[in-house]
Amino acid sequence: MGHKILTLSPGSTSTKVAVFDGAEALFRMNVTHPADELAAFERAANQFEYRRKTILDALAEQGIELSDIDAFSGYCGAMGPTVGGIFAIDQKVCDHVLAAGVNHPAILGAPLLYAFAREVGRPAFAVNQPDTDELADVARITGWPGVYRKSHVHCLNQKECAIRCASKLGMAYEDGNFIVAHVGGGLSVACHEHGRMVDTNDVLEGSGPFVPNRCGDVPAKPVVKMAFSEGASEKSMNAVVGKTGGLVGLLGTDDARSIVARIEEGDEWAKVVYDAMAYQVAKCIASFAAAVCGKVDGIVLTGGVSHDPRFVSYVTKRVEWIAPVKVYAGDFEMDALAAGAVRALDGAEPVMTFTGEPSWKGFSMGGAVPDVEG
C-alpha cells in the first residue's frame with residue numbers, strides 16, 4: 001500500500017477529483033457544475049463552499065473520507081510566476097491567490113486543498129503550478145521594445161512526461177535535456193534543461209505553431225493592417241489568437257479525428273492544413289534543440305492529438321535524428337499531482353515554502369531597459 005493522495009483541479013464548468021494509492025488511481029471523477037448553479041456566483045472565489053461540498057459528495061459516493069488521505073495535491077492557479085517544483089500550501093498561498101485579481105475557479109485549488117488538509121492534519125501541495133516560469137533571459141527578448149516572452153505552458157503535464165521519459169532512458173529528469181510537445185486544444189513546446197523549462201512558446205499569448213483552435217505565430221504586418229481595418233475589434237482579434245484560429249479557422253473544426261477522416265476520404269485541403277500543423281510542431285521542436293546546443297536526451301509527444309498515428313509519424317520522421325522520441329498520448333495531470341505528493345512525502349524532492357516573490361520581475365541589469373509590457 002502506498003500513500004493515499006487526493007488530487008483536484010477546479011475548471012470553469014467542472015472539478016476534476018481523483019484519489020490515488022501511490023501511482024494507482026482508486027477513482028477518477030469529473031464533477032460537472034450546471035450553468036444555472038454557477039450563475040448564482042458573481043465571482044469564481046465565491047464558489048468555494050459550493051465546490052467544497054461537491055468534492056466531499058464525490059468522495060462520499062466512493063466511500064472515501066478525508067481521514068483516509070495522507071496528502072492533498074492540486075492544480076493551483078494564480079501563484080506565479082514561480083519556479084517549478086513542489087510548494088507547501090499554507091495560508092500565505094491562499095491569501096495570495098485570492099488577492100491576485102483572477103476570476104477563474106483555478107484560484108480555488110489552493111484554498112480547497114488547504115481547508116481539507118487542515119481538517120485532518122495532513123499536508124497539502126501545489127505541484128508544478130500553472131504559472132511556473134523558468135525561462136532563460138535570452139529566451140524572453142523580442143525585437144519589440146517592452147514586449148517580453150513569458151512562460152504559459154502545460155507545465156504539469158510537460159514535466160510529468162519529461163520525468164517519465166527520463167525514467168525510461170534510465171536517468172533522472174534533473175540530469176538530462178528534453179523537448180516536450182503537448183498538442184491538444186492548446187499547444188506548448190518546451191525545452192527542459194536539467195530540470196528547468198528554459199524556453200517555451202506561450203499558449204496564452206499566441207506564439208508557436210498553430211493548433212486546433214489557436215493561430216500561433218503569424219506575420220506581424222498583416223495583423224496590424226487587420227487590426228486597423230473597418231469592423232475590427234479587440235475581441236474579434238483576440239478570438240482568433242485563442243479560440244477561433246488554427247484548425248477551427250482553417251477547417252471549421254478542432255476535432256483531429258474528423259480531420260483525419262476527411263483526409264482518408266481524399267480532402268486535400270484538410271491534408272495540407274493538418275500536415276502544416278505537424279510540420280510547425282516539428283520545426284519548433286528542432287529549434288529548441290539549439291537552446292541546449294543539440295544535446296537532447298529525449299523528445300516527448302503528449303496531449304490529445306498525440307493519439308493520432310499520422311500526426312506522431314509526421315513529427316517523428318522530422319525530429320528523431322535529434323534524439324529518441326517517446327509518446328505519452330493524452331494528459332497525466334492528475335497522475336502528476338499524485339506523483340509529486342508522493343515524492344514530497346518520501347523526501348525524494350524538496351518541498352519549497354511560498355514567498356510570494358515572482359521568479360521573474362523584469363530585467364535588472366544597468367542601462368535603459370524598457371518597462372515590461374503588462
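Trainee: What's the relative accessible area of Glu-119?
Mentor: Glu-119 comes in at 48%, so Glu-119 is partly exposed (buried means under 20% relative accessible area, exposed over 50%, partly exposed in between, with a 1.4 Å probe and protein chains only). Keep in mind that this is a predicted model, where local features need pLDDT of at least 70, side-chain atom pairs count only at pLDDT 80 or more, and totals for chains, interfaces and linings use all residues. Residues are numbered from 1 along each chain as its sequence is written, and side-chain values use heavy atoms, with hydrogens and water left out.

Trainee: Okay, which side chain does Glu-119 meet in a salt bridge?
Mentor: That's Arg-52, at 3.2 Å from N to O. A salt bridge here is a side-chain nitrogen of Lys or Arg within 4 Å of a carboxyl oxygen of Asp or Glu.

Trainee: And which parts does that pair tie together?
Mentor: Glu-119 sits in helix H4 (residues 109-120) and Arg-52 in helix H2 (residues 48-61), so the pair links parts 67 residues apart in sequence. Helices (H or I, at least four residues) and strands (E, at least two) are DSSP runs, numbered from the N terminus. Arg-52 is partly exposed too, at 22% relative accessibility.

Trainee: How many salt bridges does the count come to?
Mentor: By this rule, 13 salt bridges. Among them is the one between Lys-159 and Glu-134, at 3.0 Å from N to O. Lys-159 belongs to helix H6 (residues 155-168) and Glu-134 to the loop between S6 and H5, so parts 25 residues apart in sequence are tied together.

Trainee: Are Lys-159 and Glu-134 buried or exposed?
Mentor: Both Lys-159 and Glu-134 are buried. Compare Arg-262 and Asp-267, whose side chains also meet in a salt bridge, at 3.2 Å from N to O. Arg-262 is partly exposed at 25% relative accessibility, and Asp-267 is partly exposed at 24%.

Trainee: Which residues are linked in a network of salt bridges?
Mentor: Lys-271, Asp-275 and Arg-310.

Trainee: New topic: where is Gln-129?
Mentor: Gln-129 is in the loop between strand S6 (124-127) and helix H5 (137-140). With 2% relative accessibility, Gln-129 counts as buried.

Trainee: What does Gln-129 touch?
Mentor: Leaving out residues up to four places away in sequence, Gln-129 touches Cys-76, Met-79, Gly-80, Thr-82 and Cys-155; contact means heavy atoms within 4.5 Å.

Trainee: And which backbone nitrogen lies 2.8 Å from a polar atom of the Gln-129 side chain?
Mentor: The backbone nitrogen of Asp-131.

How values were computed
Polar contact = N/O pair within 3.5 Å; in protein donor to acceptor, adjacent residues only side chain to side chain.
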